[in-house]
Amino acid sequence: MKGILRFHLKVHFQFKVAKKSYLDVCTFLNMTKKQVMSSRIQWTIHIGVLVLISFTNAYSIIPAATKPKRIDNNLKDICESIKNKARHTQVFYSPDPNYFEDIKHYAISSTQYPACTVEPSTADDVAIIMKIVQENRVPFAVKGGGHSANPLFSSTIGVHIAMRRFSNVIVHADNQTVDVGPGLFWDDVYKALEPHNINVVGGRVSGVGVAGFTLGGGYSWKSNQFGLAIDNVIGYELVTPNGTIVDVTNNSYPDLFFGLKGGFNNFGIVTNFRLHAHPQTQVYGGLLVYIDEQRFDDVLKAVMDFRDNNKDPKAQALVSFTPQTGLVTFDVTLFYDAPRAPDDTFKKFINIPHMGTLKTRSFLSFVKVVPIYVTDGRRGRFHTVSVTNLTDRVFQELKNQTIYNAAKFDSKLDAFASFTAEPFLPTYFDKSQGGAYPHCPSTTPLLPIFLQFSWRLPADDDYFVNEIKLSADAILQAALYNGQNSNATKQIRYPNYALDSTTLSEMYGDNVARLQSIRKAWDTDSVMNPTGGFKF
Ligand SMILES: Cc1cc2nc3c(=O)[nH]c(=O)nc-3n(C[C@H](O)[C@H](O)[C@H](O)COP(=O)(O)OP(=O)(O)OC[C@H]3O[C@@H](n4cnc5c(N)ncnc54)[C@H](O)[C@@H]3O)c2cc1C
């Protein structure tokens, strides 16, 4: 019974965004009919309680500061000016449904209510918008998939530029390069590439945006084989801060090319990514969920065995510890980039009692089963620590943090966290093509640990931001204790996971000075300053 209760809470949090029906998920996890019925009854009770809580808390949950306000006349004039001058752009105001679609984020704490949203569909229009924004010095935002958990990184109270009309996927004749629009989610890209039997180095879970992922680094299921997303970009179409459209490649503008590989919106707005494509067959993999706490150490042993013995770049594992209010679960997502994996590759994980199954499927179908945690209406933050070695001590600390936080979450409404370790091969930096995010082949490869905290109430924001920092510090201390060099360049934090208070040198190390000088050369008037994000 306890197991089923745990199971349906897990289903609730992890599969909602994947838009799977409850029965689909049960079938996926090989549950018996009796288990499904029993689980459904408990699920209904759980939903009832949640609805009751939602009604009683409804008013306090919506933060007054983020409700739409009366639009400032000056901002409204600017929105109207964009409407008149940018002919291939639509402008929306609240309460138009398109306005709300444009400002949607993965975590509600990242959403602000702008004066208007603008949806350009050509690079020329982005250039016109950029010039209007520059002349008027208004706050603005550039949003791709809206998965940044840092407030104001892709949201604003001024002019919100939603890139969703940039949604082309163009496969070039040789099947080796692909143009991808920055308004897409990775799911759309994989779907478009499937009939061509090719793929690109993109996001690992459903719903992540192409733009932020690729502009921040991009850890993928294919990183052991091909490096990060930024190592697979051939060129960018970029609208620079002064409104010029440039094709950025390593030959045309080497400095910009370097900066865009990790530098987000510092150098302007990207309107197209040209990416390397790789052949894609069906893949083998799935999600295994472990709910028996007595067996967690066995799972840890299997993880460490995989870390020590896997030498096959086609095999990858993502290991997540998930404390929720009052309970702890452990799941491992296993991926093999071929229709079958060699028998021994995942044997140790399969031999421990679990729910879920590994099977042969399309790449897109695999990505859709990977769990995603924060869902509609929840608040959240990410943070990260990079380790040079996922030592036993580091894994033990992840487990400790999980148990510790699960106990603490009892006093908070509907809170949970996840700690995800990513044991890449020690050779994965070899594929590096350089860039703003330091991942040079001559350095020891970094293994980012992804921390994610999620909660319901705005009043709890400060508490959880502090907690996520404390957890990251504790994990880092465990890494240092085990001999990791405390030199900052060896502890680079991955910008796509980093909390907004993270310093530039903690993310970009020795590259900061060069990035600042590139920014100065291309954004002499600091046009990009009124938009959020890490700024060089
Ligand atoms: C569930 C989940 C799973 C994740 N899994 C992974 C993973 O497996 N690997 C990984 O590496 N990361 C992962 N991430 C992190 C993810 O890569 C970042 O959150 C990323 O920034 C999201 O991109 P986005 O376009 O959705 O975000 P947005 O919030 O839209 O944008 C993020 C930043 O990019 C800027 N930006 C957006 N579009 C443009 C543009 N066209 N031009 C210039 N700047 C632009 C924005 O202004 C903002 O500063 C995950 C995040 C979540 C929530």
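Predicted model: local features only at pLDDT ≥ 70, side-chain atom pairs only at ≥ 80, totals over all residues.
Two strands count as paired if DSSP finds at least two bridges between them.

**Overview**

The protein has 536 residues, and 58% of them count as buried. It holds 17 helices and 18 strands. Take the contacts between residues at least 6 apart in sequence: 74% of these join residues at least 24 apart. The accessible surface is about 21,400 Å². Carbon and sulfur atoms supply 53% of that surface.

Strand β12 (residues 283-290) runs antiparallel to strand β14 (residues 327-336), with seven bridges between them. Which residue of β14 stands opposite glycine 286? It is leucine 334.

**The four-stranded sheet**

A second open sheet has the order β1-β2-β4-β3, and here the pairing is mixed. The edge strands are β1 (89-92) and β3 (140-143), each pairing on one side only. Neighbouring strands are turned by 20° against each other on average, direction ignored.

β1 pairs with strand β2 (residues 116-120) in the antiparallel sense, over four bridges. Phenylalanine 92 stands opposite threonine 117 in β2. Helix α4 (residues 73-85) lies across β1, β2 and β4 (159-162), at about 155° to β1. Helix α6 (residues 123-136) also packs on the sheet, touching β1, β2, β3 and β4. The direction of α6 makes about 145° with that of β2.

**Tryptophan 221**

Where is tryptophan 221 placed? The residue sits in the loop between α8 (210-216) and α9 (223-226). Is tryptophan 221 buried or exposed? Its relative accessible area is 0%. Buried means under 20%, so tryptophan 221 is buried.

Leaving out residues up to four places away in sequence, tryptophan 221 touches several others, including Arg204, Gln316, Leu318, Phe363 and Val370. Its side chain reaches the backbone oxygen of arginine 204 at 3.1 Å. Glycine 203 is 18 residues away along the chain, yet the C-alpha atoms of tryptophan 221 and glycine 203 are separated by 7.7 Å.

**Aromatic pairs**

A pair of aromatic rings is described by the distance of the centres and the angle of the planes. The count for this protein comes to 36 aromatic pairs. Here are two of them.

| Pair | Centre to centre | Angle of planes | Type |
|---|---|---|---|
| Tyrosine 236 and phenylalanine 273 | 5.9 Å | 65° | edge-to-face |
| Phenylalanine 453 and phenylalanine 464 | 6.5 Å | 70° | edge-to-face |

Tyrosine 236 is in strand β8 (residues 233-239) and phenylalanine 273 in strand β10 (residues 269-276), 37 residues apart. Tyrosine 236 is buried, at a relative accessible area of 2%. Phenylalanine 273 is buried too, at 0%.

Phenylalanine 453 lies in strand β18 (residues 447-455) and phenylalanine 464 in helix α15 (residues 461-481), so their pair ties together parts that are 11 residues apart in sequence. Phenylalanine 453 has a relative accessible area of 0% and is buried. Phenylalanine 464 also counts as buried, at 0%.

Ring pairs also build a cluster, with Tyr106, Tyr219, Phe382, Phe424 and Tyr497 among its members.

Terms used. Residues numbered from 1 in each chain as written. Heavy atoms only, no water. Helix = DSSP H or I, 4+ residues; strand = E, 2+ residues; numbered from the N terminus. Buried < 20%, exposed > 50% of the residue type's maximum accessible area, 1.4 Å probe, protein only. Contact = heavy atoms within 4.5 Å. Polar contact = N/O pair within 3.5 Å; in protein donor to acceptor, adjacent residues only side chain to side chain. Axes fitted to C-alpha atoms, helices over the stretch in contact; angles between N-to-C directions. Areas by Shrake-Rupley, 256 points an atom, 1.4 Å probe, with all protein chains shown as cover. Phe/Tyr/Trp six-rings, centres within 6.5 Å; stacked < 30°, edge-to-face > 60°.
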